[in-house]
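Please look at the model first.

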Amino acid sequence: MSDIEVREPHDPREHQAAAGLMTEVWGQPLAEPGLLTALAHSGNYVACAYRDGALVGVALGFRTADNALHSHATAIRSDLRGRGVGRLLKFHQRDWALSRGIEAIVWTYDPLVRRNAHFNLHVLGARVEEYLPDFYGAMRDRLNGGAPSDRLLVRWALDAPIPPVPETRTAEALGARVLLEPGAEHPTDEPYEGRLLVAVPADIEVMREASRRAALRARYAVRAALAPALAAGMRITGITRDGYYLLEETR
């Protein structure tokens, strides 16, 4: 989106507006204005996206002990989601980190959200490092609705070339064994070897609105499939067009 400007705000009034947008998006306060001011002043990452002077997006992060940037939260105005604002913020974050000698950006995302999985794994080329069950505890904001906050931790190596968006084939075309079928409550009893597929819901947000019980079953089913597979040495290498994580051996 050529009409979007991304920059670091330094005025406390801009931090107040940014905190307000995060509250609007998440349905509860996520970061107070004073925290954004302190993060920015102490050399951490706070950036805002503006369209025709109006605030439309916010991203914040902080440095880690191993010379990475932890990208903690992003909020985008609801009418502009899926329009490329998140991508602009993420690449602004990349440029910010590289200019400061930071080698990688890490963040967590909900493994049940397909569009985020595709963006993180295929557009950016980030790599999954760990499955984190209920990482933040029960989150009662608008987006999570009190469900367990399972997350995948990903690392985006900034010294690697940005990959083109690859063709994500279907599960059938891959010919891998299915560890978790669509709608199943438990994974199959498969050895963690070769290439495995784990299905995730088509749209977890819609499912959660329709039935929180069904969404919770999906949460536990995907956890039961992914967490032990990753702990056993499998690696998530992508997500298919029809919504299966592809896992492959690392050894």
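Start with Val198, which stands opposite Tyr245 in S11. Before going on: this is a predicted model, where local features need pLDDT of at least 70, side-chain atom pairs count only at pLDDT 80 or more, and totals for chains, interfaces and linings use all residues. Numbering starts from 1 along each chain as its sequence is written, and side-chain values use heavy atoms, with hydrogens and water left out.

Strand S9 (residues 195-199) and strand S11 (residues 244-249) run antiparallel, joined by five bridges. Strands here are DSSP runs of E, at least two residues, and helices are runs of H or I, at least four, numbered from the N terminus. Two strands pair if DSSP finds at least two bridges between them.

The open sheet has four strands in the order S8-S9-S11-S10, with mixed pairing.

Now the core. A nonpolar core is a set of buried Ala, Val, Leu, Ile, Met, Phe, Trp, Tyr and Cys residues joined through side-chain atoms within 4.5 Å; buried means under 20% relative accessible area (1.4 Å probe, protein chains only). The largest one has 50 residues, and those touching the most other members include Val198, Leu226 and Tyr245. Helix H7 (residues 212-231) gives this core its largest share, seven residues. Leu226 touches Val198, Tyr245 and Ile236, among others, leaving out residues up to four places away in sequence; contact means heavy atoms within 4.5 Å.
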